[in-house]
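Subject: Structure handover

Hello,

Here is the structure for you to look through. My notes on it follow below.

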Amino acid sequence: MSTAEEDDTRLREAFTALSPTADAVARMQVRVIEGHEKRTRSLWLEWWSLLRARPIANGALVAAAALILYFTTPLGLVPGLLRPTSTEPQHASIDASEARPHHFSSVELSRRSRSGALPHRKQSARPIRRPVHP
Amino acid sequence: VFVFFATLYAGPEELPAGEEQVQEWVRAARVGNARAARQLYAAHVARVFRAVRPLCHSDADAEDVTQDAFIDALSNLARYAPRDGVRFVGWLLALAMNRARKRRAHAAKVEPTEAAKLAALDERATDSMEASQLTKRALLKVLAELPERDRQVLALRYGAELTAEEVEHVTGMSAANVRKICERQRKVLLERLGGAA
């Protein structure tokens, strides 16, 4: 062993005097483990850190888990329930007898621009059919 | 089931013997294995403490810095990426050194200098102290008189037992510069320690 290596070894031995006592190690361990386990982290961060740790492997597992949950539990119904219910279709009747220039009021126009459908128009009274006697 | 399969995944990195076990603990701790976190702590606590102690004013300060560094490390394991020639302890010590530097900068405003504190303590040293305590006191006194950069390099090289390349990773100094500092201060330290003993 060369002199430099011997000196290094002697210094390493000297530095072992700085090692923490068993009490200090136990004290720190309690605080470290408690601090680590009791830290408040959002669920999103937990998942994000999982994906960052192993993007491909964990991403594939997350996708598989999501598919299993979607198809084997009622969870798949949730998006259907959240979808807005469709309104009844409104058909604008164009009657030849009523063919006249129709001026939409500003309220009707705004309603049309929101819904995209023609505004509901009052239907004319149906003509009374008289029974035909031979 | 998810955690179980996630822990089975082994990374592609090839590391020297001994470090493989540490990397396994890291992988397990990342996905929430508390036992692996404890093992990581037990394997590295003494090294981290020895490295930060010369940069702190007291044992209590060093304890705080060490525990904060471990909490930081365990909380941010997802950010850790193994590098060639640098062990996990290198990354851990980079966090610890950063913590120690911040604490030292904060404490410098309110506390007396370390040399002054050690000088005051030295007056109270008694013959009843154990040899290891005397060595510790002498070593801290000698280190306190060195420039901070040299003290940090020596603490990492001999306290944490890092290689010059790992010290380069932690401090940002070149490995050649680290070796030069060690060579220069080694004899000074040994002479002063020999004189103190």
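Helices (H or I, at least four residues) and strands (E, at least two) are DSSP runs, numbered from the N terminus. This is a predicted model, in which local features need pLDDT of at least 70 and side-chain atom pairs count only at pLDDT 80 or more, while totals for chains, interfaces and linings use all residues. Residues are numbered from 1 along each chain as its sequence is written, chains are lettered from A and ligands numbered from 1 in the order in which they are written, and side-chain values use heavy atoms, with hydrogens and water left out.

Chain B as a whole

Chain B has 10 helices and zero strands. Buried residues (under 20% relative accessible area; exposed is over 50%, partly exposed in between, with a 1.4 Å probe and protein chains only) make up 48% of its 197 residues. The accessible surface (Shrake-Rupley method, 1.4 Å probe; for residues, only the protein chains shown count as cover) of chain B is about 9,700 Å², and carbon and sulfur atoms account for 51% of that. Among contacts (heavy atoms within 4.5 Å) in chain B with a separation of 6 or more, 64% are between residues 24 or more positions apart.

Helix α8 of chain B

Helix α8(B) covers residues 148–159, and it is largely enclosed by the rest of the structure because 10 of its 12 residues are buried. Among the buried ones are V153(B), L154(B), A155(B) and Y158(B).

Helix α5(B), residues 88–107, packs against α8(B) at an angle of about 145°, with the axes 13 Å apart. Here axes are lines fitted to C-alpha atoms, for helices over the stretch in contact, and angles run from 0 to 180 degrees between N-to-C directions. On the α5(B) side the contact is made by L93(B), M97(B), R101(B) and R104(B), and on the α8(B) side by E148(B), R151(B), Q152(B) and L156(B).

After α8(B) comes E161(B), in the loop between α8 and α9 (164–171) of chain B. What is the phi of E161(B) near? The value is near 55°, which is positive in a residue other than glycine. E161(B) has 30% relative accessibility, so it counts as partly exposed.

A residue in chain A

V78(A) is in helix α5 of chain A, residues 77–82. Its relative accessibility is 39%, so V78(A) counts as partly exposed.

Regards
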